Amino acid sequence: MDIHLSSDFAGDQLWIPNIVRAVGQAIVLSPLSSIAMVGIRAAGICPPASGLFNMLRNLGGAFGTALLATIVTKARAVPFPT
């Protein structure tokens, strides 16, 4: 969506992409949280379970970002002439 942006773009050109991202995160993260907690009884939800869930969510986001950055970097890499 933002692949055409350059350093000449200003903040007002980023409104639509940011709105799309915000709506997409709300649509995706709510069901994922519900799916992750479906097997836990209300009495079983405790601080360690919540901490583990949040840590794994952050770790998954960091891993996904690193993976996508690697894929984009490899796709755009120009091989050295031999």
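**View 1. Val23 on helix H1 of a predicted model.** Val23 counts as partly exposed, at 44% relative accessibility; this class lies between buried (under 20% relative accessible area) and exposed (over 50%), as found with a 1.4 Å probe on protein chains only. Val23 belongs to helix H1, where a helix is a DSSP run of H or I with at least four residues, a strand is a run of E with at least two, and both are numbered from the N terminus. The model is predicted, and local features need pLDDT of at least 70, side-chain atom pairs count only at pLDDT 80 or more, while totals for chains, interfaces and linings use all residues. Residues are numbered from 1 along each chain as its sequence is written, and side-chain values use heavy atoms, with hydrogens and water left out.

**View 2. A nonpolar surface patch that includes Val23.** Trp15, Ile16, Ile19, Val20, Val23, Ile27, Val28, Leu29, Leu32 and Ile35 make up this patch, and their accessible area together is about 1000 Å². Such areas come from the Shrake-Rupley method with a 1.4 Å probe, and for residues only the protein chains shown count as cover. Patch members have over 30% relative accessible area and no salt bridge; nonpolar side chains (Val, Leu, Ile, Met, Phe, Trp, Tyr) are joined within 5 Å, and like charges within 9 Å. A salt bridge is a side-chain nitrogen of Lys or Arg within 4 Å of a carboxyl oxygen of Asp or Glu.

**View 3. Ser30 and the backbone of Ala26.** Ser30 is found in helix H1, which covers residues 15-37. Its relative accessible area is 44%, so Ser30 is partly exposed. A polar atom of the Ser30 side chain lies 3.2 Å from the backbone oxygen of Ala26.

**View 4. Phe53 and its contacts.** Phe53 is part of helix H2 (residues 47-76) and is partly exposed, with a relative accessible area of 23%. Leaving aside residues up to four places away in sequence, Phe53 touches Ser33, Ala36 and Met37, contact meaning heavy atoms within 4.5 Å. Phe53 and Met37 are 16 residues apart in sequence, and their C-alpha atoms are 8.9 Å apart in space.

Technical notes. A polar contact is a pair of N or O atoms within 3.5 Å; within protein, one must be able to donate a hydrogen and the other to accept it, and residues adjacent in sequence count only if both atoms are side-chain atoms.
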